[in-house]
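Subject: A structure for you to explore

Hi there,

Here is the structure I promised to pass on to you. Please open it next to this email and keep it in view while you read.

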Amino acid sequence: MSGKSLITPEMECMVGMEFGPDIYDIEKGMVQKYVAALEDLNPRWLRETPPTYVMSACHLVPMEEWLMSLRHLPNMLNGGMEMENFLPVKPGDVITVTGKLLELVERTGKTIERMVVAVFENSFFNQRGELVARGRMTFIKY
Amino acid sequence: MAGKLNYDDIRVGMEIPTLVKNLSPRQLVKWSGATEEYYEIHYDKDFAISNGLPGIVAPGAMVWSALGQMLTDWLGNQGDVRVLRGSFRGMNLPRQNLYCKGTVTDKYTRDGAQLVACDVWVENTEGQKTITGDAVVSVNP
């Protein structure tokens, strides 16, 4: 790989850093908007959230802001998502999300010549402090 | 949505019923509002093209969630999605059929739970796999 690294020393310092917390009230109306967008009419989602809801809707805003602050890498794609659910989440729950930057790697590709891949691990806790889900998100910045 | 799923009837190699999604641009806008994720590549065509994309693209999280829907449709009220992993390998375009598919790869019990492992993926109309991954579901006794 020729040229200066896309990963600056300032970015490298962020590996292992914790982001957040952000706090979300799980509202029945917002869950219904989510399932309406997806056209998932399962009546089960009137009582609890779909298994992918917290990962999709409970954003870690400081993480996203940091990614968007990387001006030399103005474009972003989602490279993948992984989730493990431990407890159900229901309307009325209050979810706290925190995250950690696990790794930054520079890669080359066929359609995107040079990119930085950032992997975050996010943890989701309910109002009782119970871990309800944990997930990883891979972002491609180029 | 499927009827009652019976753990004893699940076999390694069996296919999970395919879920076909055809996401409209309106659904992409609804998703942005519902998840409060407003990245313009999902609803602003000019912005998407300026980013080197063919046009607006569906959020990876949305299509990954459709894999979750495929699994919960299969499970009915008979279980839960414990794990869902997906690598996003290609663009998912609106107004095209996307085929959410899966096959059972393993059955086992752990800590009293009846678990089923699956390979899951999304194919577009050209047969390209835009998301590949795996999942673990629990099936109620």
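Below is what I found, starting with some ground rules.

This is a predicted model, in which local features need pLDDT of at least 70 and side-chain atom pairs count only at pLDDT 80 or more, while totals for chains, interfaces and linings use all residues. Residues are numbered from 1 along each chain as its sequence is written, chains are lettered from A and ligands numbered from 1 in the order in which they are written, and side-chain values use heavy atoms, leaving out hydrogens and water.

**Chain B as a whole**

Chain B has 3 helices and 5 strands. Both kinds of element are DSSP runs numbered from the N terminus: helices are H or I with at least four residues, strands are E with at least two. Reading from the N terminus, the order in chain B is β-α-α-α-β-β-β-β. Its C-alpha trace spans about 50 × 30 × 25 Å along the principal axes.

Of the 141 residues in chain B, 52% are buried. Here buried means under 20% relative accessible area, exposed means over 50%, and partly exposed lies in between (1.4 Å probe, protein chains only). Among the contacts in chain B with a separation of 6 or more, 66% are between residues 24 or more positions apart; a contact means heavy atoms within 4.5 Å.

**Where the two chains meet**

How many residues does each chain bring to the contact? Chain A gives 34 residues and chain B gives 36. About 2800 Å² is buried between them, with carbon and sulfur atoms giving 57% of that area. Buried area is the accessible area (1.4 Å probe) that two parts lose on being put together, summed over both. A:Leu38, A:Arg44 and A:Met81 supply 20% of what chain A buries against chain B, more than any other three residues.

The rule finds 18 residue pairs in polar contact across this interface, both residues being at pLDDT 80 or more. A polar contact is a pair of N or O atoms within 3.5 Å; within protein, one must be able to donate a hydrogen and the other to accept it, and residues adjacent in sequence count only if both atoms are side-chain atoms. On the side of chain A that touches chain B, the elements giving two or more residues are α2 (28–38), α3 (53–57) and β2 of chain A. Strand β2(A) gives the most, with 10 residues.

**Salt bridges**

The whole structure holds 7 salt bridges over all chains. The rule asks for a side-chain nitrogen of Lys or Arg within 4 Å of a carboxyl oxygen of Asp or Glu. Across the interface of chain A and chain B there is 1 salt bridge, where B:Asp80 and A:Arg44 meet at 2.4 Å, N to O. These two residues also belong to a salt-bridge network with A:Glu48.

Within chain A, A:Arg136 and A:Glu121 form a salt bridge at 3.1 Å, N to O. A:Arg136 lies in strand β5 (residues 131–141) and A:Glu121 in strand β4 (residues 114–125) of chain A, so the pair ties together parts that are 15 residues apart in sequence. A:Arg136 is partly exposed at 36% relative accessible area, and A:Glu121 is partly exposed at 24%.

Another pair is A:Arg114 with A:Glu106, the closest N and O atoms being 2.6 Å apart.

**Inside chain A**

A:Gly99 sits in strand β3 (residues 94–108) of chain A and is buried, with a relative accessible area of 4%.

Finally, look at helix α4 (residues 61–68) of chain A, where the buried residues are A:Met63, A:Trp66 and A:Leu67. They lie on the same side of α4(A), because they cover an arc of only 100 degrees around the axis; the arc is that of the directions from the helix axis to the C-beta atoms. An α-helix has 3.6 residues a turn, so residues three or four places apart point the same way. The cover over the buried residues of α4(A) includes α1 (9–12), β1 (18–25) and β2 (76–85) of chain A.

Happy exploring!
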